[in-house]
Structures are given as C-alpha cells and as structure tokens.
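Work through the exercises below with the model open. Try each task before reading its solution.

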Amino acid sequence: MVMRDVVALPRNEEGIAAVLGILKQAFGERFQTGQSFREQHAHTTTYLPAQLPDGVVFVENVDDVKAVVRTCAAHKVPMIPFGTGTSLEGHVNAPAGGISIDFSRMNRVLEVNSEDLDCTVEPGVTREDLNTHLRDTGLFFPIDPGANASLGGMASTRASGTNAVRYGTMKDNVLALTVVTANGEEIRTARRARKTSAGYDLTRLFVGAEGTLGIITSVTLKLQGIPAKISGGVCAFPSLKAACDAVVLTIEMGIPVARIELLDETQMRAVNAYSKLSYPEKPTLFLEFHGTEETVALQAEQFKEIAAECGSDPFQYTANAEERTQLWKARHNAYWAGRALAPELAGLSTDVCVPISRLADCVAETQADIVETGLLAPIVGHAGDGNFHVLILFDDKSAGDVARAEAFMARLNKRALSMDGTCTGEHGVGQGKMTFVEEEMGPALELMRQIKRGLDPDNIFNPGKIFRLT
C-alpha cells in the first residue's frame with residue numbers, strides 16, 4: 001500500500017543537464033553532485049527506498065533561493081527543499097530527479113519581538129537553536145516533534161509533538177511566511193498581527209504543503225513565556241482503556257496539561273530495557289504541567305484523583321527539575337528504545353489521529369490487530385489530542401514481512417478514518433500516505449490538485465508528494 005507510491009516519475013534529462021551546468025557555474029563549491037551528497041539528501045528515516053536528486057545546492061540567502069528557482073523553472077527541473085532530513089514519509093525523495101535545496105546555511109534568527117511574543121527565523125534554524133537563542137528573553141517556542149527539526153521543515157509538514165495538547169501544532173503557531181513562488185519572486189503571506197480578515201489565509205495554505213507550492217524562505221512564529229514552574233508525573237494503568245479514559249476525563253475537566261503521553265506495555269518494556277529503568281510494564285501516562293507553583297500542584301492533584309478513579313497505580317509526581325528530567329527519560333528515548341527491541345529489523349513509524357472520545361477504541365483495536373498479525377509494534381501517543389504512533393518492526397528484505405506490515409498499516413489507517421480521524425496527525429503525507437489521503441479527502445482532493453496546478457503549473461516543486469496529479 002505504501003511501496004507502490006514510491007515510483008520513479010518521468011525525468012527531464014535535457015533540462016537537468018542544463019541546470020547542473022548553470023548552478024555549478026553560479027554556486028561553485030556550494031553546488032555538489034557527488035554520490036555521497038546526493039545520498040545524504042534523499043535518505044528517509046523509515047523503510048521507503050531513497051530516490052536521489054541530481055545535485056545539491058547550499059543556499060545562504062533569499063537571492064540564492066530566487067536564483068535556483070528561476071533557473072529550475074526556466075528548464076522545468078524539479079526542486080526538493082531539505083531542512084534536516086528528519087521527515088518520515090519520503091518527503092525529501094526526488095522521484096523525478098532534480099535539485100535538492102539545502103537550507104542548513106540559512107540559519108539566522110532574523111528578529112525577536114519580545115513584547116509581541118513573536119520572532120522571525122530563516123528556514124534552516126532548528127527548534128533547539130531557536131530556544132537556545134531565546135533563553136535570556138524569558139520566552140520559548142513550544143512545538144517539539146521529538147527530532148531537532150528545522151523550523152522551515154516543521155512548517156512544511158505542519159509538525160506537532162508532545163506539547164500540542166496545550167500549545168497547538170505548527171498551523172496554530174505560524175503567523176506569517178515568506179515564500180518564493182514559481183516565477184522566482186518572494187511573497188509575504190501575512191503581517192505579524194495576531195488576527196486578520198484580509199483575504200485568503202495564504203499562510204495556512206503553505207503550512208503543511210510539504211514544499212509542493214513554493215519554497216519557504218522565512219517563518220514568523222508565536223512565542224510563549226517560559227513557565228514559572230514545570231512539574232511532571234507518571235502513572236501506570238491496568239489497561240489501555242483505563243489509561244485512555246483518564247486522558248478523556250482530564251481533557252473534559254479542563255485541566256490544562258502541557259503534555260499527556262501514552263505508552264503501551266510493549267513500549268514500557270522497551271524503555272525499561274533501553275534506559276535502565278524499572279517502571280511497571282503496563283499502559284502508562286507521562287504528564288507535564290506548566291504554570292505557577294500553586295497551579296501545577298493543583299493540576300497534579302486533580303489528575304491524581306481522575307487516575308485513581310480509573311484504577312491506576314499510585315501517581316508519581318515531582319516538581320524537581322532533575323527528577324522530572326529523569327522521569328521523562330523513558331518518553332524521550334521511546335523511538336530508539338523501540339528499535340532496540342529488534343535492532344536487526346527495519347522500523348516503520350506511522351501515525352494516525354482520532355477524536356479523543358475514540359482514542360481508547362482505536363488504540364485497543366490496533367493492539368489486538370498487532371497481536372493477531374504477529375507483529376512486534378510498540379505504541380506511543382500524544383494522547384491529549386488523540387494522536388498515536390505505531391513503530392512496526394519487520395524484515396524489510398522479506399516480501400512476506402513487508403506485505404504483512406503494509407497490510408497492517410492499511411487497516412490502521414482505515415480504522416482511524418472509520419472513526420472520523422485522519423491518516424496522519426503530524427507526520428505528513430509525502431509519498432508514504434498518498435493512498436490513504438485519497439480515501440480521507442475524497443472529492444476535495446481535486447481542489448488540492450487545482451491549487452497545485454495553479455501555483456505550480458510545471459510541477460517542479462517537490463513533485464510526487466501528497467497526491468497523484470492524474
């Protein structure tokens with residue numbers, strides 16, 4: 001269901017040859033065509049096969065981006081934006097060849113407006129770099145997808161993460177973008193005002209477009225004040241349903257948790273082994289509370305009462321920063337812990353999202369499917385917004401194993417859609433989810449195609465992603 005979408009598209013050999021010569025002359029050593037450079041810019045962090053670009057250009061400013069776009073547009077050659085390469089669905093592959101545009105050198109924080117709680121950054125700035133820069137201002141950027149991703153890439157994939165239940169996703173935290181469009185000119189999608197009724201919402205059109213409509217050259221972001229106090233806790237439950245019930249009650253009660261993460265029994269076994277911990281190997285919630293010393297204590301006490309009603313083990317709570325870091329160690333290492341369960345196998349990390357009232361049903365049915373299928377597949381989820389991930393471990397050299405894993409993933413996506421959910425809460429579509437987004441969007445997908453054709457008539461911006469054009 002996934003591999004069939006990783007296909008080679010027609011190549012414009014004459015145009016590619018011309019662009020390689022022009023960019024080499026224009027950028028010198030900042031343009032590379034060596035095999036190792038091309039491989040580094042087509043790798044994926046899942047099992048999808050790499051499709052290499054023909055060249056990699058390291059841009060340093062907006063004029064560089066404009067020059068690349070104009071050159072590629074003139075010769076109808078594809079362009080693939082590249083941030084840090086942490087995406088999971090083949091977003092950086094080059095199915096028609098072309099030029100990878102590496103933004104790692106466009107990594108400046110352009111402006112911080114502390115009084116307005118916003119900032120503007122170049123697309124190559126990573127979320128960790130931004131928060132380091134902001135440290136002395138008393139502000140921080142809250143979206144944490146796990147990897148130290150670039151902010152341009154996070155905007156392109158509409159990233160999310162552990163803090164989304166309180167702070168939202170990238171679509172909620174991007175105020176404006178500058179984007180180079182197909183004619184090689186830069187547009188600004190909005191101003192810094194917190195709300196506007198001025199026409200179409202172009203910002204959110206490009207947020208989540210995965211580089212298929214234009215090239216992002218700057219991102220203006222909302223910031224938050226660093227909480228006066230941060231506390232955390234961990235709590236095991238007798239079943240997945242009990243843990244999910246506690247999540248739903250917590251949200252319904254209006255308790256403003258910053259993070260509420262779910263790990264199933266298999267994932268807890270993995271993190272205990274990987275991080276040398278001794279948590280009960282049961283469905284477990286990890287929580288974090290942001291506020292003042294009084295409010296975080298109150299929130300923790302309210303959750304403790306809810307958890308007890310759902311039959312939990314004792315709630316382990318701490319307001320000590322070092323203890324909280326140790327407590328969260330299991331969650332932060334969840335991916336690598338899962339991979340360590342069977343390091344000889346490939347890993348396919350996939351996500352779905354459902355309304356939180358259906359989370360318990362969806363997770364329980366998925367876990368039963370894992371057992372029935374005979375897969376090794378730990379589950380971890382951003383339970384507060386109904387989003388969970390399954391790490392499918394399988395032998396990618398075995399056709400039977402690949403077919404079994406893909407059949408399971410197809411059932412997972414259909415299950416989420418049947419519950420009025422989505423095939424991807426935060427990973428994006430790329431190549432890996434194209435089949436499922438067709439089922440999810442139905443006739444609305446044709447409107448997306450019309451937008452794509454209108455803004456990118458020659459299909460040179462990251463072709464072969466999100467949907468098939470025909």
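**Exercise 1: Charge**

Task: find how far apart the mean positions of the positive and negative charges of the chain are.

Solution. Place each charge at NZ of Lys, CZ of Arg, CG of Asp or CD of Glu. The chain has 45 positive and 59 negative charges, and their mean positions lie 3 Å apart.

A note on the source: this is a predicted model, where local features need pLDDT of at least 70, side-chain atom pairs count only at pLDDT 80 or more, and totals for chains, interfaces and linings use all residues. Residues are numbered from 1 along each chain as its sequence is written, and side-chain values use heavy atoms, with hydrogens and water left out.

**Exercise 2: Overall form**

Solution. Take DSSP runs, numbered from the N terminus: helices are H or I with at least four residues, strands are E with at least two. Along the principal axes, the C-alpha trace spans about 65 × 60 × 40 Å. Of the 470 residues, 56% are buried (under 20% relative accessible area, 1.4 Å probe, protein chains only).

**Exercise 3: Cysteines**

Task: how many disulfides does a search of the whole structure find?

Solution. Look for pairs of cysteine sulfur atoms within 2.5 Å. The search finds 0. Check Cys244: the closest cysteine sulfur, in Cys362, is 9.6 Å away, too far for a bond. Check Cys353: the nearest cysteine sulfur, again that of Cys362, is 9.4 Å away. Now look at burial. Cys244 is buried at 1% relative accessibility. Cys353 is buried too, at 16%.

**Exercise 4: Pro227**

Task: place Pro227 in the fold, and list the residues that Pro227 touches beyond four places in sequence.

Solution. Pro227 sits in the loop between β11 (224–225) and β12 (229–236). Its relative accessibility is 17%, so Pro227 counts as buried. Contact means heavy atoms within 4.5 Å. By that test, Pro227 touches Phe140, Tyr167, His290 and Gly291. Take His290: 63 residues separate it from Pro227 along the chain, yet their C-alpha atoms are 5.7 Å apart.

Terms used. Buried < 20%, exposed > 50% of the residue type's maximum accessible area, 1.4 Å probe, protein only. Lys, Arg positive; Asp, Glu negative; His and termini not counted.
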